[in-house]
Amino acid sequence: MDLAYGPRYGAFRDEVRGFLESHRDRWPTGAGAPRTAVLAWQKLLIEHGYAARTIPRAYGGHGGEADILKSRIIAEEFIRARAPGPLAGQGISMLVPTLLEVGWEEQKRRWIAPTLAGEIVWCQGYSEPGAGSDLAALRTHAGQDGDDFVINGQKIWTSTAAQADMMFCLVRTEPHAPRHAGISYLIFSMKTPGIEVRPLKTMTGHAEFNEVFFTDVRVPVSQVVGARGAGWAVANATLKHERGMLGDPGAAEARLAAIVELMGEEAAGGERAIDNPVLRDRLMALQGRMLAMKFNGLRLLSAQLAGEPAGLAGLVVKLQGCELNHQLAAVAIDAMGEAGVLYGDPGARDGGVWQQRYMFDLGLIIGGGTAQIQKSIIAERGLGLPREPKPAQG
Amino acid sequence: MEFALSPDQRLMQASLEGALTRLCPLERVRGFVDGDAAVAGDVWRGLSELGLPGLLVGEAHGGLGLGLLDAALAAEALGRHVAPTPFLASAALAPLAIAAAGSPAQQAAWLPRLAAGEALAAVAIGEAVAGEGAGVTAQGGRLDGASRFVIDAAGAEIFIVADSAGGLHLATAGAPGLTVTALVTIDRTRSLGELRLDDTPAEPLAGGDAGAALTRLRDAAWILLAADMVGASGAMIDMAVVYAKQRRQFGRLIGSFQAVKHMCAEMAAELEPCRALVWYAAHAFDALPAEASLMAAHAKAHLSEVSRFVARTAVEVHGGVGFTDLLGLHYWFKRVGLDRQLLGGPERVRQAAAAMQGLA
């Protein structure tokens with residue numbers, strides 16, 4: 001056990017701190033920061049290797065060596081300084097790694113740099129009303145007509161579709177092939193004629209997602225990523241990147257600290273929430289869970305550094321982490337007593353964020369592979385239990 | 001940065017696993033529980049050859065001079081094999097107490113014999129840890145009163161006893177006025193007893209800060225009980241998974257039913273992060289004193305909850321056979337049942353965790 005990062009990394013940490021301090025005037029802070037300031041900050045971060053660190057310069061990245069600890073130090077120091085981090089989003093976190101892995105050279109050169117720079121915003125077209133957990137059942141059809149595919153169908157749960165410039169999308173191009181072999185991964189502009197985006201309002205009262213409808217949308221066949229009909233493998237490369245984003249224990253630790261504060265301030269029936277033994281016990285039980293997930297994260301980091309497989313410790317993160325966040329939001333609401341019901345009211349604590357999280361986190365338990373799908377993955381890949389026998393194909 | 005077991009630690013795990021598989025198969029555990037007292041002696045002798053009793057004793061006193069993380073890995077292996085050993089008191093808590101608060105003469109008298117596995121020790125700190133005020137008072141080198149749930153009472157040559165003021169004492173078996181009565185518990189793989197002291201002469205363990213020594217003992221015990229639960233829970237999950245891969249009903253392996261496979265997945269998902277929690281708590285005990293008590297409390301409380309869930313779920317995965325004596329799963333079920341209650345159930349330990357953070 002050695003939890004220190006070592007002197008070489010100490011110097012790197014000082015460098016990141018120094019950068020953030022000396023460029024404080026360039027921080028695009030707040031939701032209202034002008035887009036030009038946001039993009040300028042991103043450009044600066046790439047130049048210094050604090051964003052797109054390992055992506056080759058030819059594709060608009062920093063071109064640095066992969067170093068897990070340096071990446072972690074960068075993340076830690078940005079959080080500590082409360083500095084605006086590098087741009088995120090599905091283009092940068094999912095499409096770029098996919099293009100790097102399976103894209104044509106021309107696609108890499110054309111799309112990666114402007115995506116990293118924040119000039120192109122992407123959305124993901126995977127789920128359909130009839131293809132959720134069973135994604136391979138997707139039916140959005142793309143038939144070839146000359147040099148184009150003509151797309152008809154519908155996607156759902158598409159976040160940022162209204163703001164996106166481009167979509168990466170799974171479509172069925174070979175309707176007669178076995179279902180996994182008939183899918184292609186296409187990229188196209190959201191301004192292509194025939195695309196309609198409708199906001200999808202969720203139980204939170206907000207439209208965090210959209211539905212996207214395609215009517216005779218023409219996309220050149222050259223915009224397939226990977227091989228035609230190989231979209232399933234391409235998509236799985238992308239899903240791998242998504243699962244890493246969900247269930248991050250850092251969020252749980254920050255929330256727990258906020259709830260400790262909340263429980264010291266909120267009172268009901270003449271008693272501070274923290275002085276209520278039942279609420280306090282729930283908080284402590286969740287702290288124990290949070291710590292287990294935090295140290296599990298350290299174990300995963302260490303395994304990654306050593307080039308060892310993550311095994312079960314990795315497979316359980318999404319299931320356990322999302323549930324933990326949901327339960328944290330629940331105890332925060334309960335600690336507020338009757339005031340916990342305020343939502344959209346000017347008197348709601350923290351702008352109603354705890355009710356919002358309690359609902360949205362349930363969405364995260366379902367999204368990105370439901371809890372039940374996660375359990376099947378843990379059982380089959382982690383414990384080697386047999387797969388569910390497939391029903392005869394009808 | 002490395003948050004992983006060292007090659008030496010992995011080697012120790014492998015060697016202990018091999019030794020326990022040989023020394024302590026289920027039929028011998030069953031034999032011990034059914035009254036064959038020689039089994040425990042054989043197991044302890046075999047483990048003594050590997051140096052296990054001297055794990056935490058310094059090399060100057062004939063031990064291996066390792067840390068609590070190493071002891072936690074040993075406890076995990078013992079829990080995995082439901083091993084009937086006096087490890088917790090004789091190899092961990094008594095050596096820690098004597099090393100922390102014993103005089104050089106007391107250390108020289110007892111540590112080498114404990115390290116060699118020649119002497120067994122029991123530890124009577126339950127009431128002091130639970131904050132109930134120990135039922136033992138000390139005055140003028142004499143102890144009076146009683147302590148229940150004394151750990152590893154059977155065959156102990158010395159007793160480490162906490163008094164009502166948090167001071168620690170060393171009394172020897174056979175001292176005037178000292179009597180031990182075995183308590184019959186759910187977990188027959190371990191020995192708990194009731195100690196009665198009537199004007200019994202005892203030496204104080206007066207070196208260092210006695211209150212601090214008691215806190216260290218409590219933290220170590222919480223972590224090692226948590227590690228025992230990690231091992232026992234892991235064994236129960238393995239048994240359930242193996243069974244789900246071979247038992248057929250409705251023409252299918254039951255492990256192919258989602259109802260069954262999800263029970264297995266839930267057990268694994270609950271347990272796997274606990275390994276890192278126990279590693280961290282043990283590492284904190286060894287190297288990060290400011291965090292040690294809180295991490296020990298969370299390890300103990302969280303593993304108590306997880307292992308109870310695993311124990312009942314593993315029985316259910318087995319169906320009817322899980323409920324039988326013949327299968328033997330109940331030895332692990334009862335083992336974690338004892339780990340949970342000993343030195344504070346999870347609610348009380350969480351109360352202590354809150355108090356440590358100024359929240360209670």
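**Close-up views of a predicted two-chain model**

**Figure 1. Surroundings of Ile223(B).** When neighbours within four places in sequence are set aside, Ile223(B) contacts Leu68(B), Ala72(B), Val278(B), Ala281(B), Ala282(B), Phe285(B), Ala296(B) and Ala299(B). The coordinates belong to a predicted model. Ile223(B) is among the residues with the most contacts inside the largest nonpolar core, together with Leu93(B), Ile160(B), Cys264(B), Val278(B) and Ala281(B). That core comprises 182 residues. Its greatest contribution, 22 residues, comes from helix α8 of chain B, which covers residues 210–246. A separate core of 51 residues includes Val16(A), Tyr59(A), Ala142(A) and Ala235(A).

Figure 2. Helix α4(B) runs over residues 68–80 and contains 13 residues. From its first C-alpha to its last the helix reaches 18 Å, close to the 18 Å expected at 1.5 Å a residue. The helix is mostly covered, with 13 of its 13 residues buried. Val82(B), which follows α4(B), lies in the loop between α4 and α5 (87–101) of chain B. The phi angle of Val82(B) is positive, about 40°, although this residue is not a glycine. In general, most residues other than glycine have a negative phi. Val82(B) counts as buried because it has 29 C-beta neighbours inside 10 Å, where 20 or more are required.

**Figure 3. The loop that holds Phe250(B).** Phe250(B) is placed in the loop between strands β9 (248–249) and β10 (252–253) of chain B. This residue, which is not a glycine, has a positive phi near 55°.

**Figure 4. The side of chain A that touches chain B.** The contact draws on 42 residues of chain A and 37 residues of chain B. On the side of chain A, helices α8 (277–305), α9 (312–315), α10 and α12 (371–382) each supply at least two residues. The largest share, 17 residues, is provided by α8(A). By residue class, the side of chain A that touches chain B consists of 26 nonpolar, 8 polar and 8 charged residues.

**Figure 5. The loop that holds Gly347(A).** Gly347(A) is located in the loop of chain A between helices α10 (317–335) and α11 (353–366). Gly347(A) counts as exposed because it has 7 C-beta neighbours inside 10 Å. Between the C-alpha atoms of Gly347(A) and Ala37(A) the distance is 33 Å, and the two residues are 310 residues apart in sequence.

**Figure 6. The fold of chain B as context for the views above.** Chain B contains 12 helices and 10 strands. Its radius of gyration is 20 Å, close to the 21 Å that the globule rule gives for 360 residues, so chain B is as compact as a globular protein of that length. The C-alpha trace of chain B spans about 75 × 45 × 40 Å along its principal axes. Of the 360 residues in chain B, 58% are buried. Among contacts in chain B with a separation of 6 or more, 75% join residues 24 or more positions apart.

Notes: Residues numbered from 1 in each chain as written. Chains lettered and ligands numbered in written order. Predicted model: local features only at pLDDT ≥ 70, side-chain atom pairs only at ≥ 80, totals over all residues. Core = buried A, V, L, I, M, F, W, Y, C linked by C-beta atoms within 7 Å. Buried ≥ 20, exposed ≤ 12 C-beta atoms within 10 Å, placed from the backbone. Helix = DSSP H or I, 4+ residues; strand = E, 2+ residues; numbered from the N terminus. Contact = placed C-beta atoms within 7 Å. Expected span 1.5 Å × (residues − 1). Nonpolar A, V, L, I, M, F, W, Y, C, P; charged D, E, K, R; others polar. Rg over C-alpha atoms; globule rule 2.2 N^0.38 Å.
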